Amino acid sequence: MARFVRRDPSPAAQRPVIGVLCCNEVADRPIQAVASRFIEPLSRISGATVLLVPALAEVADVAALTGRLDGLLLTGSRSDIEPHHYGGQAAPESRADPQRDRVALALAERMIESGRPVFGICRGLQEINVLFGGSLRRDLGEEHHRAGDMPFEALFEHRHHVTLTPGGLLAGVTRDAAIIVNSVHREGVDRLGDGLTIEALSPGDGLVEAISARPCGAEVLAVQWHPEWNGARTATDRRFFERIGAALHPAAFGGTSRFACHPRGH
């Protein structure tokens, strides 16, 4: 009888592992969910292996996950961060996911303090801003979110210009002073978190559209728009995932950090 022998791939063949945070949804029963469109560009463009992280506070072992992940992506979501995390007031029409809040903030903080890169899209940008002590606002106009009921795909056809910060990370990878992005969000940055750098602004009202930081030696980068939409086919969107790929590299972690690693601003 033939005997199966497991052979470990060579280190050169191993792909970095990026965690992608799920959301709590209901489809006849409670489920963990993440849109497939977030996952495909991470594999195809970033060259990563994706590990889905449950948004269940009693299940997600933050310490163990941090030891196994090379990076983290905080995705967009149909839910909003509960305002008590940044001293705000609850809105009646807001849809909450308190377990996602707890896992996202705890895991992102631990990953950053461990010198691992963290990226955010839409809600993910808002979570990172709150983690660094910032706050959010809801009084956004139709420039950022098209009003009314319409097919899901039509929401992502809503687009506007953003201006990139000269010399910033995004300006360096796109080589453009301004880009056109989709816009599907009802909340945005109010007070910018401590230690965060503005990477892009909406020229219409000055709303923060992208942020970055490097508090503990690894990159933190987040955008308010959805670069994963349509498979990141445009050059600008593709470069966001290329940036993720560049940050995800095998590294030896441990020892005493030489950085002041305290992303929580409150």
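Trainee: What does the side chain of Asn182 reach at 2.9 Å?
Mentor: The side chain of Asn182 reaches the backbone nitrogen of His226 at 2.9 Å, and a polar contact is a pair of N or O atoms within 3.5 Å, where within protein one must be able to donate a hydrogen and the other to accept it, and residues adjacent in sequence count only if both atoms are side-chain atoms. This is a predicted model, in which local features need pLDDT of at least 70 and side-chain atom pairs count only at pLDDT 80 or more, while totals for chains, interfaces and linings use all residues. Residues are numbered from 1 along each chain as its sequence is written, and side-chain values use heavy atoms, with hydrogens and water left out.

Trainee: Why is Asn182 called buried?
Mentor: Buried means under 20% relative accessible area, exposed over 50% and partly exposed in between, with a 1.4 Å probe and protein chains only; Asn182 has 4% relative accessibility, so it counts as buried.

Trainee: What makes helix 3 and helix 4 roughly perpendicular?
Mentor: Helix 3 (residues 98-113) and helix 4 (residues 123-131) pack at an angle of about 65 degrees. Angles under 35 degrees count as roughly parallel, over 145 as roughly antiparallel, 65 to 115 as roughly perpendicular and the rest as oblique, and helix 3 and helix 4 are therefore roughly perpendicular to each other.

Terms used:
Axes fitted to C-alpha atoms, helices over the stretch in contact; angles between N-to-C directions. Helix = DSSP H or I, 4+ residues; strand = E, 2+ residues; numbered from the N terminus.
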